[in-house]
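These are my notebook entries on one protein structure, written down in the order in which I looked things up. I begin with the aromatic rings and then move on to the sheet, a helix and a loop.

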Amino acid sequence: ENQREALGTYTAVTNQEPSTAISLLERSQWNVQIAIAKFFDGEAPDPVEEARSAIASSPAPPTGSSHQETLMNGLSHSFRPPNRTRLDAAPRIVPQPEHQAVYRPPFILALVLMPFNLVYRLISYSFGLFGYLFPFLPRLLSGLAGSRAQSRRQRDPSGRQPLNAKDTAARFIREFEEVYGQHELSFFPDGYAQAYDLAKKDLKFLLVVLLSPEHEDTLTFVRGTLLSPEVVNYINDPQNKIILWAGSVQDSEAYQISNALNCSKFPFAAVVAHTPQDSSTSMSTIARISGLTPPATFIAQLRSAISQHSTTLERARASRNEQQATRNLREEQNSAYERSLAQDRERARQRREEEEVRSRKEKETKAKAEAAERTIRDMEQWRQWRAQSIPAEPAGSGEGVTRVSIRMTSGERVVRKFSAESGMEDLYAFVECYDILSGGLASSSTLAPLGYQHKYRFRLVSLMPRMVQNSAGDHTIGERIGRSGNLLVEVIDDDDDDT
């Protein structure tokens, strides 16, 4: 579990393949910080592994009479150099301004010096209290400290303000153009560490040029060699894959780089490149050019170093491109799988929605059908119940009796006498229940349906003049029709607002 977490942390920071990362983590004893430092700063040679490989490759000791002869003859070959010269590792330099440097002693030394530190703090506190009681002493001491600081500034010959890496590079480029004029060289516009990382990432050659403005050969080297047309064309040729970084040793960054690259003489140039034969993350110095060098010699040394390592870098570049292609293919497959999965989920969601809509419609249709059946059943029960409560037809034809002629929707004309005191609703109920009354199907034991409110779907109309005789209200048949009348039954449509 810890190794899996270390592998995840390392690959998240370095974006390296797991197969390559595991080997580097194993060489770092699965320490993530050491492995990341090796990836960015380059992996130094492992003396233990070198000793093991030397022992493994050494021949078996001779036996018999030839043992003494072998020892005698082997004395002259005991210090023979190895077949392949190991290149010097090129570390990744990240400069830190002096005013930001923090020096921490080792833990044991800090533990030993702890009593002295406590005594120093106690004395400092005492002097602070003493200065508070005697105010003139701090001014005297500050004046003395100011004179010492001024003397230190006078001893600083450069007087260059420390800047960050990018601003330092911009200052060098500006000063270079001020001294040597316009040129066609493309200096890397950032710090050495950024150029170092770009060369490792893109598998290019990093050409480092270090200049000392106070050196007598600097002007001749720059004008005669570095800015010569053949050198400029060779450096700017895209096929050579060169990243040019230059700096002045008057700056802290370039000075630290000169020490790291073992600069022995100025002007100085070095070629740094990835060396996969040493390790998967190593960066090594494959060439050094010191002192005043003619353009032809300078180009020859650059071409020799680059040609010796171009094949190795091409193989590493091809391997990295293959890994990137594999990664892209895997990402495309994952993306296609995710899209297919999303489409399947969308289709499943649409099917669920369609099923829900269909189920809801079926439920609504069923509910409407049940409601319609219930309405028809309740209406039929209501007609049975209302038919038994319609007053009987009066026997005579005198006063208090109204004779009504009704033309039904079927075309049949029905003539019936009603009590003039009966309400108009009785006349509507007679028309509604006429088929039951005429067929003798009325029942005297039917009860009114619970919760049902009947609504007449027709209206009675007097023809001349045309007048709708409503069932609503307290009007009697005698008041609305008189002694006799002719009525027409009209069916009410759903969109008709009349009652």
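**Aromatic rings.** I looked for ring pairs, taking rings of Phe, Tyr and Trp (its six-membered ring) as paired if their centres lie within 6.5 Å, and calling planes under 30 degrees apart stacked, over 60 edge-to-face and the rest tilted. By this rule I noted 14 aromatic pairs. One of them joins F172 and F176, a tilted pair with 5.8 Å from centre to centre and 40 degrees between the planes. Both residues belong to helix α8 (residues 165-180), where they are four residues apart, about one turn of the helix; helices here are DSSP runs of H or I with at least four residues, strands are runs of E with at least two, and both are numbered from the N terminus. An α-helix has 3.6 residues a turn, so residues three or four places apart point the same way.

**How I read the model.** I kept in mind that this is a predicted model, in which local features need pLDDT of at least 70 and side-chain atom pairs count only at pLDDT 80 or more, whereas totals for chains, interfaces and linings use all residues. Residues are numbered from 1 along each chain as its sequence is written, and side-chain values use heavy atoms, with hydrogens and water left out.

**The whole protein.** I found 16 helices and ten strands, and of the 499 residues 32% count as buried. Taking a contact as heavy atoms within 4.5 Å, I noted that among contacts with a separation of 6 or more, 69% come from residues 24 or more positions apart.

**The sheet.** Which strands form the open sheet? Five strands do, in the order β7-β6-β10-β8-β9, with mixed pairing; two strands pair if DSSP finds at least two bridges between them. β7 (413-419) and β9 (467-469) stand at the edges with a single partner strand each, so one side of each has no neighbour in the sheet. Inside the sheet, β6 (residues 401-407) and β10 (residues 484-491) run parallel over five bridges, and R403 has S484 in β10 as its bridge partner.

**The helix across the sheet.** Helix α14 (residues 424-432) lies across β6, β7, β8 (458-462), β9 and β10, at about 115 degrees to β8; axes are lines fitted to C-alpha atoms, for helices over the stretch in contact, and angles run from 0 to 180 degrees between N-to-C directions. Eight of the nine residues of α14 are buried, including Y428 and F430.

**A loop residue.** Lastly I looked up S228, in the loop between α10 (218-226) and α11 (229-236). S228 is buried, with a relative accessible area of 5%, and it touches R223 and P295, not counting residues up to four places away in sequence.

Definitions and conventions:
Buried means under 20% relative accessible area, exposed over 50%, partly exposed in between (1.4 Å probe, protein chains only).
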